[in-house]
Amino acid sequence: MNHIKNHLLDIDHLSKDFIYDFLTETKKIKYSPETSKNFNHEKNICALFYENSTRTKLSFQKACSNINAVFHNLDIQTSSVNKGETFYNTIKTINSIGMDLIIIRHSASGAPYFLAKNTYSSVINAGDGAHAHPTQTLSDLYTIFEISNKFEDLEVSIIGDILYSRVARSNILGLLKMGSRINILGPRELVPEDMVDLYSTIDKSYKNKISYYEDFEKPILSSDFLIALRIQKERFDKNTDLNFNTYKTKWKIDLDVLRNLKREDVFIMHPGPVNEEVELSHELVHSEKSLISKQVENGVFVRQKIMEKLLNEK
Ligand code: CP
């Protein structure tokens with residue numbers, strides 16, 4: 001397991017082979033839970049969530065119970081962070097109490113790296129600013145893999161707020177690494193100008209595998225999966241001249257859009273929470289085309305497997 005080492009901070013340090021093995025092992029624990037029974041139990045896991053969460057935090061909590069680890073939630077709102085305790089001193093305090101693993105979510109990109117440098121515990125990044133959300137990406141890769149059993153020859157369109165989305169950054173990297181083609185769709189204001197060029201410089205083989213589109217038609221016609229992203233109004237800066245009404249007029253996906261393009265067979269994904277009737281219609285979110293509940297369900301097993309790997313290594 002030396003690809004994960006002691007931390008999971010982003011997708012970039014995981015190899016394609018490692019991810020394939022990881023997804024196969026996750027499938028085993030999902031369908032044969034007894035394969036996890038040999039796990040060395042009674043580890044202490046700390047959730048350190050400086051930002052709100054429902055599905056990530058709760059799925060880690062459920063996954064902890066699946067491996068008989070003890071889940072300790074440090075509720076930031078009622079913690080000494082509210083008395084002004086610094087991030088560094090909070091880390092030192094957790095070090096003194098002693099945890100095997102810390103799961104962190106923070107609004108500052110890079111916070112999990114600072115934590116990893118200053119703790120004896122393993123660290124999992126549960127989302128940092130607009131930078132990375134590796135456990136969401138592994139859950140999304142798992143959901144795609146369970147349906148397609150491959151990544152090569154797949155085309156995935158990622159739609160919406162790319163600029164402020166940590167899911168977008170990790171998912172693009174993960175899917176390119178696995179050999180899929182990526183279409184980025186969305187208003188210019190929400191897509192970094194250098195996005196496509198940037199991924200080409202990470203790896204030359206990505207050059208012809210990622211494109212930007214300013215409308216739906218062509219990419220949706222050829223996509224196997226559509227991943228819509230949440231419009232993250234809380235991260236918009238004052239210069240971002242875009243609101244929900246402007247966005248949904250052009251970019252909301254509903255059953256009519258798919259019917260008109262004769263793509264009612266395409267799978268719909270979204271990391272959640274969804275702004276219904278902005279990114280996706282209510283009807284589409286709750287239709288049989290939607291994999292959104294599957295993404296959440298799979299997140300439990302993916303996060304369980306990540307914790308097993310990190311804790312076994314220690
Ligand atoms: N996708 C995701 O991270 O959801 P939560 O904010 O509810 O954890």
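The points that follow take up the basis of the model, then the ligand, then the cavity.

1. The model is predicted, so to speak, by record: local features need pLDDT of at least 70, side-chain atom pairs count only at pLDDT 80 or more, and totals for chains, interfaces and linings use all residues. Residues are numbered from 1 along each chain as its sequence is written, and side-chain values use heavy atoms, with hydrogens and water left out.

2. Around the ligand stand N52, S53, T54, R55, T56, R105, H133, Q136, P271 and G272, where a residue is near if one of its heavy atoms lies within 4 Å. This shell divides into 1 nonpolar, 7 polar and 2 charged residues, with Gly counted as polar, Pro as nonpolar and Arg as charged.

3. Polar contacts (pairs of N or O atoms within 3.5 Å) include one of 2.6 Å between an oxygen atom of the ligand and an N or O atom in the side chain of R55. A polar backbone atom of T54 is 2.9 Å from a ligand oxygen atom, and a polar side-chain atom of H133 lies 2.9 Å from an oxygen atom of the ligand. Of the 260 Å² of accessible area (Shrake-Rupley, 1.4 Å probe) that the ligand has on its own, the protein covers 91%.

4. The count comes to 1 cavity of 30 Å³ or more, a cavity being a set of points on a 1 Å grid where a 1.4 Å probe fits but cannot get out. About 60 Å³ of space lies in the largest cavity, and α12 (292-313) gives the most to its lining, with 4 residues.

Methods:
On a 1 Å grid over the protein atoms alone, a cavity is a set of points where a 1.4 Å probe fits but cannot get out, and a pocket is an open set with protein on both sides within 12 Å along at least five of seven lines; lining residues have an atom within 4 Å of a point. Grid points are joined across faces, edges and corners, and a volume is the space filled by probe spheres set on the points. Helices (H or I, at least four residues) and strands (E, at least two) are DSSP runs, numbered from the N terminus. A polar contact is a pair of N or O atoms within 3.5 Å; within protein, one must be able to donate a hydrogen and the other to accept it, and residues adjacent in sequence count only if both atoms are side-chain atoms.
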